[in-house]
Amino acid sequence: MKKIKNIFSSVLLIAMLTFSLVACESEDDDAGGCNGELLADLSEKVSTTALTFVENQTSGNCIAYKNALEAFINAADDCPEVEDEVERLRGFLNQLDCNN
């Protein structure tokens, strides 16, 4: 149950980050290297893979979710305004064990 709670927490955090970055990008063309469109696409991928993993907790679904989360984190690394949130996601990613 804790794993599912962490998954939903990460999806919610990513959704908030994406919304924030896309809003800032539209207001300010100098978004510090952030690509709001890419982050929105990656956010959707994280959400989809997270829901699939929650519904069917196989190793393959976990790996797909972990890969999507890692891609989002890597893309968000170029966004200095969300540095703390990215570190929280990175901590969650490091705790995600797909071998169980």
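**Notebook: helix packing and a disulfide**

I began with the pair α2 and α3, where α2 passes α3 in a left-handed crossing. The model I am reading is a predicted one, and I keep that in mind for each entry below.

**Entry: α2 against α3**

I looked up the geometry of this pair and found that helix α2, residues 36-55, packs with α3 at an angle of about 160°, the two axes being 8 Å apart. Since angles over 145 degrees count as roughly antiparallel, that makes α2 roughly antiparallel to α3.

I then listed who makes the contact. On the α2 side I noted Leu38, Leu39, Leu42, Ser43, Lys45, Val46, Thr49, Ala50, Thr52 and Phe53, and on the α3 side Asn61, Cys62, Ala64, Tyr65, Ala68, Leu69, Ala71, Phe72, Ala75 and Ala76. Sorted by class, the contact of α2 with α3 holds 15 nonpolar, 4 polar and 1 charged residues.

I also checked Ser47, which lies in helix α2. Ser47 has a relative accessibility of 23% and therefore counts as partly exposed, the limit for a buried residue being under 20%.

**Entry: α3 against α4**

I moved on to the next pair, in which the axes of helix α3 (residues 59-76) and helix α4 (residues 83-95) come within 10 Å and cross at roughly 155°. The two helices are therefore roughly antiparallel to each other, and α3 passes α4 in a left-handed crossing.

For this contact I wrote down Tyr65, Lys66, Leu69, Glu70, Phe72, Ile73 and Ala76 from α3, together with Val86, Leu89, Arg90, Phe92 and Leu93 from α4. By class, the residues of the contact of α3 with α4 divide into 9 nonpolar, no polar and 3 charged.

Leu89, found in helix α4, is buried with a relative accessible area of 1%, and its C-alpha atom is separated by 8.1 Å from that of Leu69, 20 residues away along the chain. Leu93, which also lies in helix α4, is buried with a relative accessible area of 8%. Leaving aside the neighbours of Leu93 within four places in sequence, I found Leu93 in contact with Lys66, Leu69, Glu70 and Ile73. I noted as well that Leu93 and Tyr65, 28 residues apart in sequence, are 9.7 Å apart in space, C-alpha to C-alpha.

**Entry: the cysteine pair**

Which cysteines form a disulfide, I asked, and how many Å apart are their sulfur atoms? I found that Cys62 and Cys98 form one, with their sulfur atoms 2.0 Å apart. The pair links distant parts of the chain, 36 residues apart, with Cys62 in helix α3 and Cys98 in the segment after α4. The count of disulfides comes to 1.

I read the torsion about the S-S bond of Cys62 and Cys98 as about -75°, so the disulfide is left-handed.

The C-alpha atoms of Thr58 and Asn99 are separated by 9.1 Å, although the two residues are 41 apart along the chain.

**Entry: the whole chain**

I left the overall tally until last. The chain has 4 helices and 0 strands, and from the N terminus on I read the order of elements as α-α-α-α. Of the 100 residues in the chain, 35% are buried, and Leu89, at 1% relative accessible area, belongs to that buried share. For contacts in the chain with a separation of 6 or more, I noted that 66% are accounted for by residues 24 or more positions apart.

Notes: Residues are numbered from 1 along each chain as its sequence is written. This is a predicted model: local features need pLDDT of at least 70, side-chain atom pairs count only at pLDDT 80 or more; totals for chains, interfaces and linings use all residues. Side-chain values use heavy atoms; hydrogens and water are left out. Axes are lines fitted to C-alpha atoms, for helices over the stretch in contact, and angles run from 0 to 180 degrees between N-to-C directions. Angles under 35 degrees count as roughly parallel, over 145 as roughly antiparallel, 65 to 115 as roughly perpendicular and the rest as oblique. A crossing is left-handed if the near helix is turned anticlockwise from the far one by less than a right angle, and right-handed if clockwise. Contact means heavy atoms within 4.5 Å. Ala, Val, Leu, Ile, Met, Phe, Trp, Tyr, Cys and Pro count as nonpolar, Asp, Glu, Lys and Arg as charged, and the others, Gly among them, as polar. A disulfide is a pair of cysteine sulfur atoms within 2.5 Å. Buried means under 20% relative accessible area, exposed over 50%, partly exposed in between (1.4 Å probe, protein chains only).
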